[in-house]
Amino acid sequence: MNQLPESQSLDSVDRKIIDLLLQDARITNRDLADAVGIAPSTALMRTRSLQERGIISGFQATINMAAVGRAVQALVAVQLKAHDRVEIDRFTSTVPKLPEVLTTFHTSGSVDYLLHIAVTNTDTLRDWVLDNLTTDPVVGHTETTLVFERMPGYSGPLSS
């Protein structure tokens, strides 16, 4: 079981702060402090400590991709032809940074990478895969799966 080193352990206050920030990352420090039952200065100190220790790695907005013209989402499994370090480094330094790529997973098994992408329509999806993957000399195989609905899971700390 993966446990944090003693210096990284989370107490009940840390867990409450994380849970509240997961619900609303824009919560004010005063509201966070009130909800946890601690002083605002303590809430600020605890939140900063969680960031400095790498437990909170950032805050982000969740975008409705359809509302910004990227209604078609897909998962693209990528299998490389060869596992040459130079080619892998080239692939990983370019493809994950393309604007259509929302997330890149480096995986084990028969698939080397799983890309979550969002584009305007299925024609654009086809062209994107052709232009950015199938024509890449290191890519041996791709398989594209359309995403009908994304249902986020719980991203908070596990119960202790």
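In helix α1, Val13, Asp14, Ile17, Ile18 and Leu21 meet Arg46, Thr47 and Leu50 of helix α3, where contact means heavy atoms within 4.5 Å. By class, the residues of this contact divide into five nonpolar, one polar and two charged (Ala, Val, Leu, Ile, Met, Phe, Trp, Tyr, Cys and Pro count as nonpolar, Asp, Glu, Lys and Arg as charged, and the others, Gly among them, as polar). The model is predicted, so local features need pLDDT of at least 70 and side-chain atom pairs count only at pLDDT 80 or more, while totals for chains, interfaces and linings use all residues. Residues are numbered from 1 along each chain as its sequence is written, and side-chain values use heavy atoms, with hydrogens and water left out.

Two packed helices are described by the angle between their axes and the distance between the axes. Helix α1 (residues 12–23) and helix α3 (residues 40–52) pack at an angle of about 85°, with axes 10 Å apart. That makes α1 roughly perpendicular to α3 (angles under 35 degrees count as roughly parallel, over 145 as roughly antiparallel, 65 to 115 as roughly perpendicular and the rest as oblique). Axes here are lines fitted to C-alpha atoms, for helices over the stretch in contact, and angles run from 0 to 180 degrees between N-to-C directions. Helices (H or I, at least four residues) and strands (E, at least two) are DSSP runs, numbered from the N terminus.

Helix α1 also packs with helix α2 (residues 29–36), at an angle of about 130° and with axes 10 Å apart. The two helices are therefore oblique to each other. On the α1 side, Val13, Lys16, Ile17 and Leu20 meet Leu32, Ala35 and Val36 in α2. This contact has six nonpolar, no polar and one charged residues.

Next comes the sheet. Four strands form an open sheet in the order β2-β3-β1-β4, with antiparallel pairing (two strands pair if DSSP finds at least two bridges between them). Strands β2 (101–106) and β4 (139–147) stand at the edges with a single partner strand each, so one side of each is left without a neighbour in the sheet. Strand β1 (residues 72–80) and β4 pair in the antiparallel sense over eight bridges; Gln79 has His141 in β4 as its bridge partner.

Two helices accompany these strands. Helix α5 (residues 122–134) packs on the sheet and touches β1, β2, β3 and β4, its direction making about 160° with that of β4. Helix α4 (residues 85–94) lies across β1, β3 (113–119) and β4, running at about 25° to β3.
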